[in-house]
Amino acid sequence: MSNQYYAEMIGTGHAVPPRILTNQDLEKIVDTSDEWIVTRTGIRERHIADKNTFASTLGTEAAKKAIEEADIRVDEIDLIVVATVTPDMPFPSTAAIIQKKLNVPKTAVMDISAGCTGYIYALSIAESYIKTGAFKTALVIGVELLSRVTDWSDRSTCVLFGDGSGAAVLRATTERKGVLGTYINGDGRLGDLLKMPGGGSMNPASEESIANRLHYLKMSGNEVFKFAVNMMGEASEKILEKTGIRKEEIGMLVPHQANVRIINATAKKLNLPPEKVYINIHRFGNTSSASIPIAVDEIRKNGKFENANPMILVAFGAGFTWGSAAISW
Ligand code: UT7
């Protein structure tokens with residue numbers, strides 16, 4: 001009988017650029033207030049990359065920390081999956097660029113575009129390969145420089161996002177630990193609610209596309225909010241069903257950090273007390289596919305790790321996409 005493998009998370013890391021942009025800084029750029037941003041979103045500050053920092057820069061930094069903690073050689077890595085909607089460039093993939101920066105010898109490299117659910121999608125891809133025995137060691141990275149596609153004249157979006165990256169090394173084990181299960185879903189009919197229309201084959205860069213500001217993120221925030229609450233609820237229920245974990249057994253809910261009101265609504269649906277819900281949105285804003293791996297790394301490093309078993313990761317994002325994962329230690 002062939003072995004059943006699990007993907008153990010043996011190392012994690014995260015990286016954010018040093019520059020901090022506060023709500024007070026934003027008050028000088030657009031017609032907004034610290035009070036509005038804090039009460040509507042929970043965000044107080046976010047990190048913004050300088051012009052010499054790219055997705056591959058932050059992704060490599062986070063990956064190095066994860067590899068160091070995992071204590072593996074780079075030639076042991078069989079797969080690099082990078083979740084991002086803000087790659088260095090359309091191609092080659094940011095995974096391939098990071099591979100070069102890390103000096104990883106020939107191996108499978110791919111980017112995955114699933115908006116803020118990107119990390120969960122990437123995790124599910126790595127888990128699937130490891131489960132079947134096809135690959136033994138995977139590097140999974142979520143990285144986003146949303147500041148590069150933010151319209152700094154649009155107060156309804158520019159206050160929300162930040163830059164950052166989180167990474168994890170997954171390794172095959174025959175023990176039942178690590179990624180216990182993943183769930184991913186999507187509905188393209190909702191795609192227009194959150195998109196960046198420029199820069200692809202539909203609206204390649206031109207004077208007209210730039211004049212029409214198509215290379216910026218566009219969002220119908222209010223409608224996204226309503227779907228998000230339902231999707232986060234559904235994704236949480238599905239992963240509990242799939243893994244047999246009961247609500248009261250959840251060690252820590254690690255939700256995508258888009259809006260503290262969405263996080264609280266999700267926690268309420270699961271009847272979770274505040275100490276079982278991880279929130280760091282006040283320090284980072286919404287870092288899209290980086291938000292969950294940053295949170296997971298913080299939990300592992302800040303001593304809450306022992307009590308966070310199992311973790312339920314849950315996200316929604318552009319596409320629309322939504323998904324969840326359960327991780328144990
Ligand atoms: O990771 C996935 C990505 N997206 C999200 O998760 C976003 C989900 N949506 C949200 O988080 C919320 O919808 C927002 C935070 C984006 C907006 O909060 P809201 O409570 O849905 O506000 P709203 O869009 O309904 O706007 C309410 C008011 C409007 O003014 P009027 O029309 O009532 O006079 C806006 O013009 O707030 C105004 N407003 C602002 N005021 C001060 C919008 N943005 C701002 C701002 N500062 N930055």
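1. Asn103 has a relative accessible area of 62% and is exposed, since the cut-off for that class is over 50%. In this predicted model, the residue sits in the loop that links H4 to S5. Its phi is near 60°, a positive value in a residue that is not glycine.

2. Asp71 also has a phi near 60°, again positive and again not in a glycine. The residue belongs to the loop between helix H3 (55-70) and S4. Its relative accessibility is 68%, so Asp71 counts as exposed. As background for both points, most residues other than glycine have a negative phi, and most peptide bonds are trans.

3. Two peptide bonds deserve a check. The bond from Phe91 to Pro92 is cis, with omega near 0°, and Pro92 is placed in the loop between S4 and helix H4 (94-102). Gly319 and Phe320 are likewise joined by a cis peptide bond, here with omega about -10°. Phe320 lies in the loop between strand S12 (311-317) and strand S13 (321-328).

4. How many residues of strand S4 are buried? The count is 5 of the 5 in residues 79-83, so the strand is largely enclosed by the rest of the structure. Leu79, Val81 and Ala83 point one way from S4, while Ile80 and Val82 point the other way; all are buried.

5. S4 pairs with strand S5 (residues 108-112) in the parallel sense, over 5 bridges. Within S5, Met110 is the bridge partner of Val81.

6. Turning to the ligand, 22 residues surround it, and the closest are Thr32, Asn222, His256, Asn259 and Asn286. The shell divides into 10 nonpolar, 8 polar and 4 charged residues. Helix H2 (34-41), helix H6 (155-158) and helix H8 (221-243) each supply at least two shell residues. H8 gives the largest share, 4 residues.

7. Why does the ligand lie between domain 1 (6-175) and domain 2 (180-328)? Both domains give residues to the shell around the ligand, so it is placed between them.

8. Some polar distances to the ligand follow. A side-chain N or O atom of Thr32 is 2.6 Å from a ligand nitrogen. For Trp36, a side-chain N or O atom is 3.2 Å from a ligand oxygen. A polar side-chain atom of Arg40 is 2.9 Å from an oxygen atom of the ligand. Taken alone, the ligand exposes 950 Å², and the protein buries 73% of that.

Conventions:
Residues are numbered from 1 along each chain as its sequence is written. This is a predicted model: local features need pLDDT of at least 70, side-chain atom pairs count only at pLDDT 80 or more; totals for chains, interfaces and linings use all residues. Side-chain values use heavy atoms; hydrogens and water are left out. A residue is near a molecule or strand if one of its heavy atoms lies within 4 Å of it. A polar contact is a pair of N or O atoms within 3.5 Å; within protein, one must be able to donate a hydrogen and the other to accept it, and residues adjacent in sequence count only if both atoms are side-chain atoms. Accessible areas come from the Shrake-Rupley method with a 1.4 Å probe; for residues, only the protein chains shown count as cover. Ala, Val, Leu, Ile, Met, Phe, Trp, Tyr, Cys and Pro count as nonpolar, Asp, Glu, Lys and Arg as charged, and the others, Gly among them, as polar. Domain bounds come from an automatic or database domain assignment. Buried means under 20% relative accessible area, exposed over 50%, partly exposed in between (1.4 Å probe, protein chains only). Two strands pair if DSSP finds at least two bridges between them.
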